[in-house]
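Subject: Structure handover

Hello,

Here is the structure I promised to pass on. My notes on it follow below.

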Amino acid sequence: HFLNQDVNPLYPIYMFAFWRGTHGNGRSGNDVPRESMKFLSKPVDFYGHTIIQAEFEKESGYDAQVTAQTIRTTNMWMATVQSLYNGVQMCDEKPDDFDEPNFVNPIDMAAAFWIGTQEEESAVGGGSLYAWAKDIGSKFTGQDVNAQIVQRLKSLQINLQNCFVAPEEETYDIAANMRADADSITRLMTVPLVQSLLWHSTTLGDANKRNF
């Protein structure tokens with residue numbers, strides 16, 4: 001499947017956390033073979049799909065708005081992270097087809113996953129991760145993470161293009177700079193996750209609309 005723990009450092013962390021958590025079969029502390037690791041009685045590798053399916057089956061009933069946000073904060077969020085680190089790996093490995101018309105740049109994919117159809121920085125609303133981060137960020141004081149994320153995405157795009165044409169002895173340093181940017185972006189992407197958790201699990205939000 002799309003997510004690859006050999007490239008994406010966050011994917012195995014999330015899987016392990018869900019497996020050891022309340023709804024995982026590793027919560028007792030016992031070790032099991034990888035193929036037996038479960039979350040909500042399903043293979044932990046597919047935790048994103050499992051969480052979304054649980055949205056439809058929860059006792060409090062299906063809520064389209066909550067489910068849409070769940071998809072953004074699980075599948076789309078981690079797909080963005082995966083694409084960032086795919087770009088770093090691509091600099092290390094230098095594919096032969098990078099100049100082909102149908103070549104897909106993983107950094108462009110990450111930007112597409114995050115920005116979606118957002119046309120202007122000042123625009124509000126929409127279903128993109130950008131819009132989600134902007135909306136939840138507006139409920140807190142502090143700097144908008146979107147501007148910083150977009151700035152680093154641009155840096156990654158430039159570095160990857162430079163990496164494709166750079167001599168082999170220079171690619172290591174370029175890849176290291178790309179990894180630093182990817183790490184920075186994922187840290188910034190975590191801000192709206194925490195803000196959303198705080199908003200929906202405390203009295204900051206409308207208690208009548210919270211639905212888990």
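Start with Phe103, which is found in the loop between α3 and α4. Helices here are DSSP runs (H or I, at least four residues; strands are E, at least two), numbered from the N terminus. This is a predicted model, where local features need pLDDT of at least 70 and side-chain atom pairs count only at pLDDT 80 or more, while totals for chains, interfaces and linings use all residues. Residues are numbered from 1 along each chain as its sequence is written, and side-chain values use heavy atoms, with hydrogens and water left out.

Phe103 counts as buried because its relative accessibility is 18%. The cut-offs: buried is under 20% relative accessible area, exposed is over 50%, partly exposed is in between (1.4 Å probe, protein chains only). Leaving aside neighbours within four places in sequence, Phe103 is in contact with Met90, Pro95, Asp97, Phe98 and Phe164. Contact means heavy atoms within 4.5 Å.

Now the rings. The structure holds nine aromatic pairs. Rings of Phe, Tyr and Trp (its six-membered ring) pair if their centres lie within 6.5 Å; planes under 30 degrees apart are stacked, over 60 edge-to-face, the rest tilted. Phe103 and Phe164 have ring centres 5.8 Å apart and planes at 80°, so they are edge-to-face. This pair links distant parts of the chain, with Phe164 in helix α6 (residues 145–165), 61 residues from Phe103. Phe164 is buried too, like Phe103.

Phe140 and Trp199 are also edge-to-face, because their ring centres are 6.4 Å apart and their planes at 70°. Phe140 lies in the loop between α5 (129–137) and α6, and Trp199 in helix α7 (residues 168–201), so the pair ties together parts 59 residues apart in sequence. Phe140 has 21% relative accessibility and counts as partly exposed. The charged end of Lys139 sits over the ring of Trp199, 5.3 Å from its centre. That label needs NZ of Lys or CZ of Arg within 6 Å of the ring centre and within 35 degrees of the ring normal.

Elsewhere, Tyr11, Tyr14, Phe18, Phe39, Tyr47 and Trp77 form one aromatic cluster.

One more distance: Phe103 and Ser41 are 62 residues apart in sequence and 38 Å apart in space, C-alpha to C-alpha.

Which residues does Phe103 contact, once neighbours within four places in sequence are set aside? Met90, Pro95, Asp97, Phe98 and Phe164.

Best wishes
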